[in-house]
Amino acid sequence: RELREARLRCRRSCRGQVRLEELGSGPGGELPFWGALLRRAGCLRNCEEARLGAASRHRAAEEVRADFQRRVPYSYLQRAYIQLNQLEEAANAAHTFFMANPEHMEIQQDIENYKTTSGKVSLIDREAKPHMEDYTAGVRHYDREEYGLAIEFLERALVGYYSEDEDCQIMCEGPQRFEEHEYLDYKASLYEAVADHYMQVLACKHDCVRELATRSGRISPIENFLPLHYDYLQFAYYRVGDYVKALECARSYLLFHPDDEDVLENASYYEGLLEGTMDPGTIKPRKEAKALLRRHKLESHLLQVASAGLGFAYTEPNYWKRYGARQDEHSVPSSISNEPEEGPRLSLAKKPTPKPDRELKEGGPLLYSDVKFVYNSQQLNGTQRVLLDNVISEEQCRELHRVASGIMLAGDGYRGKTSPHTPNERFEGATVLKALKYGYEGRVPLKSARLFYDISEKARRIVESYFMLNSTLYFSYTHLVCRTALSGQQERRNDLSHPIHADNCLLDPEANECWKEPPAYTFRDYSALLYMNADFEGGEFIFTEMDAKTVTASIKPKCGRMISFSSGGENPHGVKAVTKGQRCAVALWFTLDPLYRELERIQADEVIAMLDQEHLGPSEMNINPKDEL
């Protein structure tokens with residue numbers, strides 16, 4: 001942080017001290033420009049050395065910078081604060097690390113432990129971006145219809161945004177990588193070399209819009225981020241009776257989306273409210289919004305010119321996606337609204353989450369007469385959810401449980417961690433291929449190993465049919481799992497057996513978002529859990545809202561019961577603590593993309609096909625089954 005602030009101060013100072021001269025005409029006309037350039041470079045070097053010392057003291061390797069970007073130092077800080085018994089600081093360090101690493105289950109559990117032991121509920125993100133915090137607070141007040149407070153925070157967020165934008169622009173003027181050239185063999189002419197470097201600086205500056213819209217630790221930005229400030233504000237100002245500001249913000253939003261029918265109608269409505277008291281034509285969009293958009297368009301033009309004329313690789317992203325918009329169920333002027341009919345028109349059709357890439361259906365045939373339908377999505381208070389019973393029989397449950405006891409390995413699927421989700425339970429698992437291998441070796445009955453394969457295929461067919469998918473559903477991962485409550489560790493327990501999460505995106509409860517990016521398994525489309533027993537305490541499967549707190553449905557496992565659902569952020573879920581006994585299930589994840597088919601499943605398919613050939617056993621087929629596997 002100190003390094004960044006020192007560089008910002010030096011670059012601002014040298015900008016003010018040394019102005020770049022315009023290029024003159026005739027011989028030597030460019031010399032004043034290059035002279036100013038050299039003086040500014042000298043100013044920067046002298047300033048940074050005075051503040052920071054020699055460059056060798058503060059230039060870090062790429063790996064170190066990446067660690068700071070991922071907030072790794074806070075993981076070390078947490079442990080150090082624990083040793084010093086400074087639990088409050090340890091909790092804040094853990095929280096700061098977790099904000100950039102939400103998939104880190106152990107840190108999540110540490111945070112829950114801190115809350116329990118210290119009673120501390122509110123945690124501080126030491127690396128929070130102020131403009132992002134203010135924006136989040138503003139939206140929260142807006143949703144509560146606290147429009148005065150929403151205006152205060154959103155206006156502060158805009159001030160912070162434009163200040164951060166200026167800093168981002170300045171920081172882009174540092175060293176750049178020559179990705180397409182080996183530096184030592186660089187043979188470009190003066191103007192080619194300058195253009196190559198400048199285009200990389202310009203691409204960095206142009207991307208500040210994305211940088212400022214991206215939460216810490218995320219890859220994907222909040223869509224339509226800057227325009228959304230003005231969209232929230234135009235309606236908030238209307239609700240507090242400030243029609244001048246409402247029109248000003250509406251026109252600022254229209255700079256980015258000039259064809260937005262809803263906001264165009266809002267602006268027209270605000271003009272009507274002001275007629276007779278002032279000339280609405282004198283109210284203009286905000287200057288800072290106009291200046292930023294003008295600069296952004298010019299940057300884009302220069303990058304496109306470089307791409308066409310210099311071979312500079314560049315593709316212009318869509319920085320202002322329209323489907324990132326407010327969602328106001330209370331403010332649409334119609335017969336079902338509590339707003340007056342002549343009020344501003346605000347569209348319900350605009351959603352803050354991306355549109356699904358396929359049509360969502362459900363209610364298809366269950367294919368098997370013994371399978372019993374229990375609840376659909378509506379009855380489970382969600383989207384793309386179904387609960388079924390009798391998917392397998394009591395006898396099959398018992399046989400599968402016997403297989404499980406013979407093949408499962410502690411920590412399977414989690415790099416050997418025997419308690420990957422909670423220290424209060426032991427986790428064991430096994431794959432289909434492992435079951436078949438043990439069947440071949442005679443360690444479990446081959447028929448029982450085959451059952452694991454067959455029931456998972458049955459589940460896949462049911463899911464594909466019920467959700468009426470018009471393309472093949474492939475296995476992404478199949479896992480037979482058991483969670484066992486550890487004796488002596490269940491008193492005063494307040495954690496979950498499996499924390500609330502989504503299966504194909506990184507759940508961010510504070511932002512009410514689910515980021516579809518690595519390390520999440522973004523290729524997963526549907527999930528299913530087939531339960532094998534009910535003789536345990538706790539262990540209910542729960543769906544929640546995206547806040548990871550509000551439970552929308554709770555399901556008690558029992559033999560033959562299966563819950564299936566789409567794998568995205570629309571279905572956050574988890575498992576309540578198993579406080580006594582052992583809870584077993586077959587966990588299944590599916591994908592519509594054949595590129596992400598489960599490799600072990602493909603190998604298992606080959607083994608099954610070999611077995612089915614003339615119904616021969618391994619000894620009759622004259623092969624070594626271990627080698628074949």
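How exposed is D605, going by its relative accessible area? D605 is partly exposed, at 28% (buried means under 20% relative accessible area, exposed over 50%, partly exposed in between, with a 1.4 Å probe and protein chains only). This is a predicted model, so local features need pLDDT of at least 70 and side-chain atom pairs count only at pLDDT 80 or more, while totals for chains, interfaces and linings use all residues. Residues are numbered from 1 along each chain as its sequence is written, and side-chain values use heavy atoms, leaving out hydrogens and water.

**Salt bridges**

- The structure holds 27 salt bridges (a side-chain nitrogen of Lys or Arg within 4 Å of a carboxyl oxygen of Asp or Glu).
- D605 pairs up with R601, with the closest N and O atoms 4.0 Å apart.
- R601 is buried, at 4% relative accessibility.
- R460 and E457 also meet in a salt bridge (2.9 Å, N to O); R460 is buried at 11%, whereas E457 is partly exposed at 25%.
- Another bridge joins R402 and E395 (3.5 Å, N to O).

**Where two helices meet**

- The axes of helix 17 (residues 446-466) and helix 18 (residues 599-612) come within 12 Å and cross at roughly 120° (axes are lines fitted to C-alpha atoms over the stretch in contact, with angles from 0 to 180 degrees between N-to-C directions; helices are DSSP runs of H or I, at least four residues, numbered from the N terminus).
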